[in-house]
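Student: I have just opened this entry and would like a guided tour. Could we look at it together, one question at a time?

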Number of protein chains: 2
Amino acid sequence: MNISTASTMCGLPVKTVRYYADIGLVVPAARSAAGYRVYDDETVRRLVFVRRAREFGFSIGECRELLDLYADRRRSSADVKRIAARRLQQIASKQRELQSLHDELAHLVEACSGDDRPDCPIIDGLGRRHSGE
Amino acid sequence: MNISTASTMCGLPVKTVRYYADIGLVVPAARSAAGYRVYDDETVRRLVFVRRAREFGFSIGECRELLDLYADRRRSSADVKRIAARRLQQIASKQRELQSLHDELAHLVEACSGDDRPDCPIIDGLGRRHSGE
DNA sequence: GTTGACTCTCCTGTTGCTGGAAACCCTAGG
DNA sequence: CCTAGGGTTTCCAGCAACAGGAGAGTCAAC
């Protein structure tokens, strides 16, 4: 199948599929006589796999690792788990960061009257060197 | 004062201060005869303001807006509040996204035995077209 | 045979910087 | 006065992970 069919099947934009081929992440099964990228069910499966991994926030590099493990019949699930656990840590860390950000900003927003006067705790809060206080 | 002093005072790398000058976000108060960027207390305050706003995740464009309001004596706090509230929405939305991501990935990681056998719910979960089920 | 859709490669732009190269400037020491 | 060292300038490349568009080739249908 051609790239647009593969694109539809895997749920990724054509541009992205082409990009993944360029960087050697998911290489098409073949090239037609005219140079068209040709995909088969297996390569489409790999594209879906990458799409899902990307949705989870895995980097392209991690996708490469996971893809290797995906294809490796002799893999140990521990290797996969390690990568996933690492990502889980990143997510948790980002969550904590967002939480304190949210709290602090919400605090400022609540303190702001939001009328036509210039006095504004948000502006003041941003102007201050340190965060809350 | 020269750029490195301003950099130290505002807590931003020299490169970043220079970048902000280039894009016209925080322009130095003057240039010396030799072409050196010259900063004063006011421009340093603006740099601090931007640093704080960036820490809150405001984009450069939003920083520009906020900086205008910061300098505008006739601003209405409602304008500031609107921008901050929008950003707060984005944060909350990102939090929800991360939460479901975290839950789903944690679910997979928990289900994975993490030993030397190849069977792996994580790999299986990534290979499946849709998320949970 | 000609239209129209599809595909190719290559280049640029995105966001917010960061690093490096080559050249200038400035000050302190000898 | 000269030199060595820092600091400063500009410009150019690159990061992640693509997206948009130009210009040219290809393919199937009518």
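**Charges, burial and overall form**

Student: In which helix of chain B do B:Glu55 and B:Arg52 both lie?
Tutor: Helices (H or I, at least four residues) and strands (E, at least two) are DSSP runs, numbered from the N terminus. B:Glu55 and B:Arg52 sit 3 residues apart, about one turn of the helix. Both belong to helix H3 (residues 41-55) of chain B.

Student: What kind of model is this?
Tutor: Residues are numbered from 1 along each chain as its sequence is written, while chains are lettered from A and ligands numbered from 1 in the order in which they are written. Side-chain values use heavy atoms, with hydrogens and water left out; local features need pLDDT of at least 70, side-chain atom pairs count only at pLDDT 80 or more, and totals for chains, interfaces and linings use all residues, this being a predicted model.

Student: At what distance do the side chains of B:Glu55 and B:Arg52 meet in a salt bridge?
Tutor: Side chains of opposite charge can pair when their charged atoms come close. A salt bridge here is a side-chain nitrogen of Lys or Arg within 4 Å of a carboxyl oxygen of Asp or Glu. For B:Glu55 and B:Arg52 the distance, N to O, is 3.4 Å.

Student: Which residues are linked with A:Arg52 in a network of salt bridges?
Tutor: In chain A, the side chains of A:Arg52 and A:Glu55 meet in a salt bridge of 3.5 Å, N to O, and both lie in helix H3 (residues 41-55). A:Arg52 is buried because its relative accessibility is 3%, and A:Glu55 is partly exposed at 40%. The network links A:Arg52 with A:Arg51, A:Glu55 and B:Glu104.

Student: How many salt bridges does the structure hold over all chains?
Tutor: Those of A:Arg52 with A:Glu55 and A:Lys94 with A:Glu97 are among them. Over all chains, the number is 20.

Student: How far is B:Arg87 from the nearest side chain of opposite charge?
Tutor: B:Arg87 is in helix H5 (residues 77-111) of chain B. Contact means heavy atoms within 4.5 Å, and beyond its neighbours within four places in sequence, B:Arg87 is in contact with residues including A:Leu105 and B:Phe58. Lys and Arg count as positive and Asp and Glu as negative; His and the chain ends are not counted. B:Arg87 is buried yet has no salt bridge, and the nearest side chain of opposite charge, B:Glu62, is at 5.4 Å.

Student: Is A:Cys10 buried or exposed?
Tutor: A:Cys10 is in helix H1 (residues 3-10) of chain A. Leaving aside neighbours within four places in sequence, its contacts include A:Val17, A:Val44 and A:Leu47. With a relative accessibility of 1%, A:Cys10 is buried.

Student: How far apart in space are A:Val27 and A:Leu47?
Tutor: A:Val27 is in the loop between helix H2 (14-22) and strand S1 (30-31) of chain A, and is partly exposed at 49% relative accessibility. In sequence, A:Val27 and A:Leu47 are 20 residues apart. In space, C-alpha to C-alpha, they are apart by 9.5 Å.

Student: In what order do the elements of chain A run?
Tutor: Chain A has 6 helices and 2 strands. From the N terminus on, the order is α-α-β-β-α-α-α-α.

Student: What radius of gyration does chain A have?
Tutor: The radius of gyration is taken over C-alpha atoms, and the globule rule is 2.2 Å times the number of residues to the power 0.38. The C-alpha trace of chain A spans about 70 × 40 × 20 Å along its principal axes. A compact globule of 133 residues would be near 14 Å, but chain A has 23 Å.

Terms used
Buried < 20%, exposed > 50% of the residue type's maximum accessible area, 1.4 Å probe, protein only.
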